[in-house]
Amino acid sequence: MRPDHHRELTVRGKHQAHVAGLAIKRMDVEFEALLSSPKARARETAELAGAHWSGAQRGLLETHPPLAGGFGFADARAALELLSADGRVLLVGHEPDFSSVVADFTGARIDLKKGALAVVRLDSSAAGELIALLRPRELALIAADLSTEAIGSS
C-alpha cells in the first residue's frame with residue numbers, strides 16, 4: 001500500500017472531481033486563489049476539476065503545504081490574508097480538517113463528504129456564514145446540464 005501522501009484518486013474520485021469542476025463552471029464561480037494540498041489525490045482533484053475552467057483559473061493552482069493535514073483555523077486565516085478584501089479562494093484538501101475549519105468560522109457542524117463543496121462567506125472580522133453545502137449528488141445535478149461527454153473526454 002502506498003503512503004497516504006502518494007495515494008491517488010480512485011475511479012470514483014476522478015469522476016467526482018470532473019463533476020465538481022463542471023458544477024463550479026456551471027455556477028460561474030470566480031476565485032482569485034486556488035490552493036491545493038500537496039498530497040497526490042488533492043492535487044489530482046484540483047487538476048481534473050480545473051480541466052473544465054478557463055486557463056486563467058487553472059493557472060491559479062498552487063500547492064499549499066499547510067493543507068496536507070492538520071489544516072486549522074489559523075492556517076485558513078493566513079491563507080485568506082493573501083486575498084483582496086472581497087477575494088475568493090478555492091481550497092482543495094482533506095477531512096476532517098475542512099469540517100473543523102467550517103465549524104470554526106461559522107459554528108455549523110458539518111460532515112464534508114469526499115468530493116463535496118462547502119461555501120463560506122466571511123465578513124471583515126472573519127466571522128462566517130455557511131452559504132452552501134453541496135454533496136457529490138447535488139454537484140452532479142448542477143453539472144447535469146453540461147455535456148456528460150465533457151467528463152469522458154477530459
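## Sheet

Ala33 has Val89 in E3 as its bridge partner. Strands here are DSSP E runs of at least two residues, helices are H or I runs of at least four, and both are numbered from the N terminus. The model is predicted: local features need pLDDT of at least 70, side-chain atom pairs count only at pLDDT 80 or more, and totals for chains, interfaces and linings use all residues. Residues are numbered from 1 along each chain as its sequence is written, and side-chain values use heavy atoms, without hydrogens and water.

E1 (residues 33-36) and E3 run parallel, joined by four bridges. The open sheet has three strands in the order E2-E1-E3, paired in parallel; pairing takes at least two DSSP bridges. E2 (61-63) and E3 are the edge strands, each with a single partner, so one side of each lacks a neighbour in the sheet.

## Nonpolar cores

A nonpolar core joins buried Ala, Val, Leu, Ile, Met, Phe, Trp, Tyr and Cys residues through side-chain atoms within 4.5 Å. Buried means under 20% relative accessible area with a 1.4 Å probe, protein chains only. The largest core has 18 residues; Leu34, Trp53, Leu90, Leu117 and Leu139 have the most contacts inside it. H1 (11-26), H2 (40-50), E3 (89-92) and H6 (136-143) each give two or more residues. H1 supplies the largest share, five residues.

A second, separate core of 13 residues includes Leu35, Ala76, Val101 and Phe105.

## Helix H1

Buried residues in H1 include Gly13, Gln16, His18 and Leu22. Asp28 follows H1, with a positive phi near 55 degrees.

Methods:
Buried means under 20% relative accessible area, exposed over 50%, partly exposed in between (1.4 Å probe, protein chains only).
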